[in-house]
Amino acid sequence: MSDSFRSVAGRKVISRATARDLGVVDHLLVDADQRRIAAIVVGRGRKAQLVDWAELSGFGPDAVMVGDDGALRVPVDDRERASTEGKLDLIGKRTLTEQGNQLGVLVDVTFDTATGALEMLRVGDRDIPAVSLLGCGPYAVVLDSGEEPAP
Amino acid sequence: MTASQINGLPVVTVRGGDDVAEVRDVIYDPEAGRLVGLTLNKRGFFAGRRREVLPAAAIHAIGRDAVMVLDETSLTAPEDAPEDVGHPATERNVIGDDVLTEGGRSLGVVRDLAVLVGSTGQVVGYQIDKPGGGQGYIPLPAQLAVSGAALVVPDVTEEFVRDDLVGLGAAVDDFRARLGLA
């Protein structure tokens, strides 16, 4: 099934083992090389935690199910810390082509709830296949727009 | 786009999506007709100069909105950069030069460099202030000789003065063909 980053924000995160409410999804952390979701970020700021995609038992329309409570973990590197500060949230970020030209704001991203693989990126009113994703960071999302490089 | 429009652009990593610096100034080699590199500032207001430079070989592309590099290792310490980038010669600035034809007619004064968008710094022409007022563009390769005071260009260059960058694009090819370079 397909879902989108925008609709996932604010969804409950529930432990399958204990049925405890672990918080809500703030945003999704993307692995640009693999073009998939690396982790979900639960909460924002100093108390924010992550759950690796592999620890999820189900990504449903009403709740994100986590194997058990222990899957919540603190950020371990600079990238994950930047993520818990909200700096790597793709939604609303400017997009740049590999050639250094702006395309517009990233409005939404769709993904496969079974695998976490990204499907389409919505930039302005255009849909761009996720294979075009080259990198994402605090300043911009970088895309291969199919522009010919200048000689 | 012009060189002065490149100044202040963010330098962004393709893989990291991070703005690691911004362009302070372009380093131009008038004999080669291209940018050989960029000097850098730190990002943000009042952040000051960055010691590293960006040699042309490390530029992924110069676009309208950003200069792209693969990652932060593209920024190079001056001592590790090519000599003309790490320690650029002074007195090589063509801005303000009088553009003179071989026949001794002035076409104007160089105001800025016209840089090919999406390239790593290819200069395709000069923006000039025309003697009678107004601005124009002349295509490269035009000069036969260059100094800190003047550019000497073939007489035929006068036919290829254009009013805007769009016109310059077409004129570059025609001009090169006329000079037997295409």
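**Domains, chains and a sheet**

Mentor: Taken over C-alpha atoms, the centres of domain 1 of chain B and domain 2 of chain B are separated by 25 Å. This is a predicted model, in which local features need pLDDT of at least 70 and side-chain atom pairs count only at pLDDT 80 or more, while totals for chains, interfaces and linings use all residues. Residues are numbered from 1 along each chain as its sequence is written, and chains are lettered from A and ligands numbered from 1 in the order in which they are written.

Trainee: Which residues belong to domain 1 and domain 2 of chain B?

Mentor: Domain bounds come from an automatic or database domain assignment. For chain B, that assignment gives residues 3-86 as domain 1 and 98-178 as domain 2. Their contact (C-beta atoms, placed from the backbone, within 7 Å) takes 15 residues from domain 1 of chain B and 13 residues from domain 2 of chain B.

Trainee: Which element gives the largest share of the side of domain 1 of chain B that touches domain 2 of chain B?

Mentor: Elements are DSSP runs numbered from the N terminus: helices are H or I with at least four residues, strands are E with at least two. The largest share, three residues, comes from α1(B). By class, this side of domain 1 of chain B has nine nonpolar, three polar and three charged residues; Ala, Val, Leu, Ile, Met, Phe, Trp, Tyr, Cys and Pro count as nonpolar, Asp, Glu, Lys and Arg as charged, and the others, Gly among them, as polar.

Trainee: In what order do the six strands of the open sheet in chain B lie?

Mentor: Strands of a sheet pair through backbone hydrogen bonds, either parallel or antiparallel. Here pairing requires that DSSP find at least two bridges between two strands. The order in chain B is β4-β3-β2-β1-β6-β5, with mixed pairing. Because β4 (49-55) and β5 (61-62) of chain B each have a single partner strand, they stand at the edges, and one side of each is left without a neighbour in the sheet. Strand β3 (residues 34-41) of chain B pairs with β4(B) in the antiparallel sense over five bridges. T39(B) has V53(B), in β4(B), as its bridge partner.

Trainee: How many residues of chain A and chain B are in contact?

Mentor: In this contact, 20 residues of chain A meet 23 residues of chain B. On the side of chain A that touches chain B, β12(A) gives the most, with three residues. That side of chain A divides into 11 nonpolar, seven polar and two charged residues.

How values were computed. Two residues are in contact if their C-beta atoms, placed from the backbone, lie within 7 Å.
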